[in-house]
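Biologist: I have a model open on my screen and would like to learn how to read it. Could you walk me through its features?

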Amino acid sequence: MTYSRIIGTGSALPTRLVTNHELAQTVDTSDEWITTRTGIRQRYLAEESQTTSDLALEASRQALDQAGVSVDELDLIIVATTTPDQVFPSTACLLQNKLGNKGATAFDIQAVCSGFVYALATADSFIRAGQARTALVVGAETLSRILDWQDRSTCVLFGDGAGAVVLRAGDQPGILASTLHADGSYSDILAAPGKMCGGKIVGNPFVEMDGQAVFKFAVKVLDDVARETVDKAGLALSDIDWLIPHQANLRILDSTAKKLGIPTERVVVTVDRHANTSAASIPLALDTAVRDGRIKPGDKVLLEGVGGGFTWGAVLVQM
Ligand code: ACO
């Protein structure tokens with residue numbers, strides 16, 4: 001039986017740090033409002049010249065380095081992003097070229113904040129089916145490009161960044177179980193509805209959100225999908241060493257952990273440092289906890305995402 005295993009992680013944040021206090025100088029908000037409602041203290045924003053694939057490249061190089069894998073060994077590259085460099089080619093193809101790989105399967109996945117778990121589950125399926133042996137899975141975003149910086153109800157919540165993992169085929173698991181879901185009937189509670197048409201942008205190109213509806217939906221499905229995935233693996237929630245939910249909002253993370261009965265010290269939280277980086281948030285948090293020594297080889301880590309679509313899912317990993 002073939003399984004896939006994470007053998008390297010990496011992450012990248014832009015250098016431009018914007019604290020809540022700095023943001024409050026240009027937007028009608030305050031550090032107090034943002035921290036009490038979301039737990040976010042700061043975010044990193046890409047420079048105008050910095051693209052999603054640039055951030056993906058930095059995170060990928062770190063992950064490849066940690067894995068001890070050369071670029072030529074990659075036979076699958078998946079990038080989860082909602083903010084691709086351009087309409088096409090895919091950010092995965094642009095990243096492939098920057099890395100110097102030729103010939104690997106490369107494509108993007110668009111599942112907004114669930115993008116990374118969608119991409120990881122997809123790469124796992126490729127590996128288990130024998131269609132790939134060594135995969136690079138990246139979540140990367142320049143969300144700042146699709147925010148209206150005058151809309152205080154959305155712009156304070158997001159940031160830019162990237163995270164990556166290298167997966168390798170082996171005879172030991174690895175990825176123990178995964179679950180992916182979507183329900184398009186919730187497409188209007190979180191969307192960037194604008195589109196490119198006849199050389200112009202038609203409709204609002206910026207993120208629109210019904211914050212309270214998103215909050216309720218996220219807490220419910222993060223609870224459901226965690227239980228479903230752990231069940232699938234034949235394990236109990238008490239077997240989970242680390243929970244890494246999508247880093248959207250500290251109150252969503254706390255409510256999810258509470259409902260699942262997972263102690264807060266077993267939840268990796270990085271949203272305070274980089275805000276919601278959409279598809280990048282889970283691999284950024286994973287890399288942080290691997291590099292600071294909290295997550296150790298053999299630990300069981302439950303990654304779970306939820307985002308526009310609506311999409312949601314979880315991947316249970318043994319490191
Ligand atoms: N600063 C100051 N005041 C603000 C801000 C701001 N940045 N944003 C909104 N307000 C005001 C509103 O105008 C409103 O004022 P009013 O009472 O005078 O009308 C007041 O604050 C309360 O607004 P609400 O929207 O009711 O605030 P709420 O308590 O619901 O908090 C929040 C808003 C933080 C967005 C919350 O609903 C939430 O966390 N939702 C989840 C959204 C989320 O995490 N989205 C991320 C993307 S989705 C994903 O990743 C899955």
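Predicted model: local features only at pLDDT ≥ 70, side-chain atom pairs only at ≥ 80, totals over all residues.

Biologist: Let's begin with sheets. What is the strand order in the open sheet of five strands, and what kind of pairing does the sheet have?

Modeller: The general idea is that strands of a sheet pair through backbone hydrogen bonds, either parallel or antiparallel. Here the five strands are ordered S1-S7-S6-S4-S5, and the pairing is mixed. Strand S1 (3-12) and strand S5 (105-109) form the edges; each has a single partner strand, so one side of each has no neighbour in the sheet. On average, neighbouring strands in this sheet are turned by 15 degrees against each other, direction ignored.

Biologist: Which way do S4 and S6 run, and how many bridges join them?

Modeller: Strand S4 (residues 76-80) and strand S6 (residues 134-141) run parallel, joined by five bridges. To find your place there, look for Val79, which stands opposite Val138 in S6.

Biologist: What is the strand order in the open sheet of four strands?

Modeller: That order is S8-S15-S14-S13, again an open sheet with mixed pairing. Its edge strands are strand S8 (175-182) and S13, each of which pairs on one side only.

Biologist: Which strands pair with S14, and in which sense?

Modeller: With strand S13 (residues 242-245), S14 pairs in the parallel sense over four bridges, and Leu243 stands opposite Leu302 in S14. With strand S15 (residues 311-318), S14 runs antiparallel, joined by eight bridges. Val301 has Val317 of S15 as its bridge partner. Moving on to S8, seven bridges join this strand to S15, and the two run antiparallel. Ile175 stands opposite Val317 in S15, the residue that is also the bridge partner of Val301.

Biologist: Which strands does H3 lie across?

Modeller: H3 lies across S1, S6 and strand S7 (161-170), and runs at about 125 degrees to S1.

Biologist: How do I read the packing of H3 against H4? At what angle do their axes cross?

Modeller: Start with the axes, then look at the side chains. The axes of helix H3 (residues 52-67) and helix H4 (residues 91-99) come within 9 Å and cross at roughly 55 degrees. H3 and H4 are therefore oblique to each other, and their crossing is right-handed. Among the residues that meet are Ala56, Leu57 and Leu64 in H3, and Leu94, Leu95 and Leu99 in H4. By class, this contact has six nonpolar, four polar and three charged residues.

Biologist: Now single residues. Is Ala285 buried or exposed?

Modeller: Ala285 has 0% relative accessibility, so it counts as buried. This residue lies in helix H10 (residues 281-291). Setting aside neighbours within four places in sequence, Ala285 is in contact with Ile244, Gln247, Val268 and Thr270. His246 is 39 residues away along the chain, yet the C-alpha atoms of Ala285 and His246 are separated by 8.8 Å.

Biologist: What is phi in Ala275 and in Ser278?

Modeller: Ala275 has a positive phi near 60 degrees, though it is not a glycine. Ser278, also not a glycine, has a positive phi of about 55 degrees. Ala275 lies in the loop between helix H9 (271-274) and H10, and Ser278 is in the loop between H9 and H10 too. Ala275 counts as buried at 0% relative accessibility, and Ser278 counts as buried at 1%.

Key
Residues numbered from 1 in each chain as written. Heavy atoms only, no water. Axes fitted to C-alpha atoms, helices over the stretch in contact; angles between N-to-C directions. Parallel < 35°, antiparallel > 145°, perpendicular 65-115°, else oblique. Left-handed = near helix turned anticlockwise from the far one by under 90°. Contact = heavy atoms within 4.5 Å. Nonpolar A, V, L, I, M, F, W, Y, C, P; charged D, E, K, R; others polar. Pairing = 2+ DSSP bridges. Buried < 20%, exposed > 50% of the residue type's maximum accessible area, 1.4 Å probe, protein only.
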